[in-house]
Amino acid sequence: MDERVMEYLNKPYNTIVNKIKDEDDEYYYGQILELDGCQSTGYTMDELDKNLRMAMEGYIETKLAHDLPIPEPRDYGSFSGRILVRLPKSLHHRLALEADKDNVSLNTLIVQKLSS
């Protein structure tokens, strides 16, 4: 394997994994966040890891072969966890009422909604 490919494979890319359950099947789906379209599945986590590594290998080899840029891993530790969002007054009012009804802070309500 090309040494440049190995360098990229050893970088700390961020992965999201979801367990998928449907009527007939159950499997894992994973994607590399920084590498657009780099994704795979597996019936076990070990199989998913192997398949994702193969997907990354193919992705990186293709980018290098065509002299295209390869995104670097993002350091998510550098985020503060704070964002400023501007929204219509009517939506702000509606969310505040819902937060009051649920006896939670507006911030907690918005985080719950964003994470679901």
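View 1. The expected span is 1.5 Å times one less than the number of residues in the helix, and helices here are DSSP runs of H or I with at least four residues, strands being runs of E with at least two, both numbered from the N terminus. This is a predicted model, in which local features need pLDDT of at least 70 and side-chain atom pairs count only at pLDDT 80 or more, whereas totals for chains, interfaces and linings use all residues. Residues are numbered from 1 along each chain as its sequence is written, and side-chain values use heavy atoms, with hydrogens and water left out. After α2 comes aspartate 67, which has a positive phi near 55°.

**View 2. The buried residues of α2 and what covers them.** Leu48, Asn51, Leu52, Met56, Tyr59, Ile60 and Leu64 are the buried residues of α2, where buried means under 20% relative accessible area, exposed over 50% and partly exposed in between, with a 1.4 Å probe and protein chains only. Their cover includes α1 (3-9) together with the strands β1 (15-21), β2 (26-32) and β3 (39-42).

**View 3. The three-stranded sheet.** The sheet is open and has 3 strands in the order β1-β2-β3, paired antiparallel; two strands count as paired if DSSP finds at least two bridges between them. β1 and β3 are the edge strands, each of them pairing on one side only. On average, and with direction ignored, neighbouring strands of this sheet are turned by 20° against each other. Helix α2 packs on the sheet and touches β1, β2 and β3, its direction making about 155° with that of β3; such angles run from 0 to 180 degrees between N-to-C directions, with axes fitted as lines to C-alpha atoms, for helices over the stretch in contact.

**View 4. The two hairpins, strand by strand.** The antiparallel strands β1 and β2 are joined by 7 bridges, and they form a hairpin with 4 residues between them. Valine 17 has glycine 30 in β2 as its bridge partner, while lysine 21 is partnered by glutamate 26, also in β2. Between β2 and β3, which likewise run antiparallel, there are 4 bridges, and glutamine 31 stands opposite glutamine 39 in β3. The hairpin of β2 and β3 has 6 residues between the strands, and glycine 37 in this hairpin takes a positive phi near 85°.

View 5. Serine 40 has its place in strand β3 and is buried, its relative accessible area being 16%. With neighbours within four places in sequence set aside, serine 40 is in contact with Tyr28, Tyr29, Gly30, Leu48, Asn51 and Leu52, contact meaning heavy atoms within 4.5 Å. Asparagine 51 lies in helix α2 and is buried as well, with a relative accessible area of 16%. Leaving aside neighbours within four places in sequence, the contacts of asparagine 51 are Ser40, Thr41 and Gly42.

View 6. Methionine 1 belongs to the segment before α1 and is exposed, with a relative accessible area of 56%. Although methionine 1 and glutamate 57 are 56 residues apart in sequence, their C-alpha atoms are 9.3 Å apart in space. Beyond neighbours within four places in sequence, methionine 1 is in contact with Met6, Leu9 and Glu57.

View 7. The protein chain has 4 helices and 3 strands, running α-β-β-β-α-α-α from the N terminus on. Its radius of gyration is 20 Å, well over the 13 Å that the globule rule gives for 116 residues, so the chain is more spread out than a compact globule; the radius is taken over C-alpha atoms, and the rule is 2.2 Å times the number of residues to the power 0.38. Along the principal axes, the C-alpha atoms fill a box of roughly 60 × 40 × 20 Å, and 20% of the 116 residues count as buried.
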